[in-house]
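Student: I would like to learn how to read a protein model feature by feature, beginning with the whole chain and ending with single residues. Could we go through one together?

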Amino acid sequence: KKEQLQLLASVDAVTKDGVYFNLAANMNSIKELDIALQNGAKGVGLFRTEFLYMDRHSFPSEEEQFEVYRQVAEKAGGSSVVIRTLDIGGDKQLDYFSLPEEDNPFLGYRAIRISLDRTELFQTQLTAILRASAYGNVKIMYPMISSVEEIRQANVILARAKAELDRRGIDYNKEIQVGIMIEVPAAVTISDLLAEEADFFSIGTNDLVQYVLAVDRMNEQIAHMYHPFHPAVLRMLRTTVEAAKQAGIPVSVCGELAGDERAIPLWLELGVHDLSMSTQSLLRVKHRILNTKASEAKVEAAACYKLRTSSAVEERLTAFAQRSS
Ligand code: PEP
Ligand code: MG
């Protein structure tokens, strides 16, 4: 089975009736890039830069970061590499950067909030990413955006990083695309406003599910309530995709739901054809896409949007996936 799946690495991800998907990889470490490419990933849809900052004693320098980002950009060839700026806090801690004890770390000092507070760290990272953009198709993505101001403030630091590179006479892509993660309910509800400020959206279902349902993604006791197929989540997906389409910007999905083959009908119905997932999911999802008829899947998904419970949606999508395998 594994060998058979491996044969799909070089095959396009296209449904039986000709709908193409772009399947990119989520990267949690530099080692994963080779596996991703072996598994036929079309670029990196989510580069989790946290690992660069972990298992060490101090923040990585601009030079250290640049080396890694450049390597990834070059190895990906012309494919897009979406580099997400630092997303620590919440479940992710750094030994040398003592974050205050918090009652609700997932609602606290994390991700873009830290970057906008510690702007020198943020500018260093942005400078490194910008430098790498001269070596491939690099894009920037801000995590955990919940307001228009955050994008604007982040872009001020980005402009500073660009100005500094101009002063230093160092090359970078002046047209670099800057997107945001949609992973906070507020971002969904103002997605029409955010779409005017961002070049692309990437929906992070891991956090989005946690925040929409108020179910801590790390808490085992309530893991059974963590329901990606909850009707509230489905509605949030639709709102986000419609806002992106209205504004004419691309939208992709990079949370774990993208790697769940049962969700394929939802993407087809919404018209989302860009998915980024863990490297182990790529071939499995592609296999299912190859065995799916988009016309049938869309009918299923449309029916799912009318269902009233998570379990009804999940059962329906599971049954459809089994039928089309
Ligand atoms: C997400 O929240 O869905 C996501 C992709 O980011 P992370 O899992 O790193 O929080
Ligand atoms: Mg997230």
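Student: What radius of gyration would a compact globule with 325 residues have, and what does the protein chain have?

Tutor: Keep in mind throughout that this is a predicted model. For 325 residues a compact globule would have a radius of gyration near 20 Å, and because the protein chain has 19 Å, the value agrees with that expectation. Along its principal axes, the C-alpha trace spans about 60 × 45 × 40 Å.

Student: How many helices and strands does the protein chain have, and what percentage of its residues is buried?

Tutor: The protein chain has 15 helices and nine strands, and buried residues make up 44% of its 325 residues.

Student: How should I read the packing of two helices, for example helix 4 and helix 6?

Tutor: Two packed helices are described by the angle between their axes and by the distance between those axes. Here helix 4, residues 62-75, and helix 6, residues 119-132, pack at an angle of about 35°, with their axes 8 Å apart. The crossing in which helix 4 passes helix 6 is right-handed.

Student: Which residues of helix 4 and helix 6 meet?

Tutor: From helix 4 come Glu62, Gln65, Phe66, Tyr69, Arg70 and Ala73, and these meet Thr124, Gln125, Thr127, Ala128, Ile129, Arg131 and Ala132 in helix 6. By class, the residues of this contact divide into six nonpolar, four polar and three charged.

Student: Is alanine 132 buried or exposed, and which residues does alanine 132 touch?

Tutor: Alanine 132, which is found in helix 6, counts as buried because it has 25 C-beta neighbours inside 10 Å, and the cut-off for that class is 20 or more. Leaving aside residues up to four places away in sequence, alanine 132 touches Phe66, Tyr69, Arg70, Ala73 and Val138.

Student: How far is the C-alpha atom of alanine 132 from that of asparagine 206?

Tutor: These two C-alpha atoms are separated by 28 Å, for residues 74 apart along the chain. Asparagine 206 also brings us to the ligand, as Asn206 is one of the residues around ligand 1.

Student: Which other residues are around ligand 1, and which elements give two or more residues to its shell?

Tutor: Besides Asn206, the residues around ligand 1 are Leu46, Arg48, Asp87, Glu183, Gly204, Thr205, Asp207, Cys254 and Gly255. Strand 3 (44-48) and helix 10 (205-213) are the elements that give two or more residues to this shell, and helix 10 gives the most, with three. Sorted by class, the shell has two nonpolar, four polar and four charged residues.

Student: How do I read the backbone angle phi, and what is its value in alanine 111?

Tutor: Most residues other than glycine have a negative phi. In alanine 111, however, phi is near 50°, a positive value in a residue other than glycine. Alanine 111 lies in the loop between strand 4 (80-84) and helix 5 (112-117), and it is buried because 26 other C-beta atoms lie within 10 Å. Methionine 144 has a positive phi as well, near 60°; this residue is found in the loop between strand 5 (137-142) and helix 7 (148-168), and with 25 C-beta neighbours inside 10 Å it counts as buried.

Notes
Residues are numbered from 1 along each chain as its sequence is written. Chains are lettered from A and ligands numbered from 1 in the order in which they are written. This is a predicted model: local features need pLDDT of at least 70, side-chain atom pairs count only at pLDDT 80 or more; totals for chains, interfaces and linings use all residues. Axes are lines fitted to C-alpha atoms, for helices over the stretch in contact, and angles run from 0 to 180 degrees between N-to-C directions. Helices (H or I, at least four residues) and strands (E, at least two) are DSSP runs, numbered from the N terminus. A crossing is left-handed if the near helix is turned anticlockwise from the far one by less than a right angle, and right-handed if clockwise. Two residues are in contact if their C-beta atoms, placed from the backbone, lie within 7 Å. Ala, Val, Leu, Ile, Met, Phe, Trp, Tyr, Cys and Pro count as nonpolar, Asp, Glu, Lys and Arg as charged, and the others, Gly among them, as polar. A residue is near a molecule or strand if its C-beta atom, placed from the backbone, lies within 6 Å of it. The radius of gyration is taken over C-alpha atoms; the globule rule is 2.2 Å times the number of residues to the power 0.38. A residue is buried if 20 or more other C-beta atoms lie within 10 Å of its own, exposed if 12 or fewer, and partly exposed in between; C-beta atoms are placed from the backbone.
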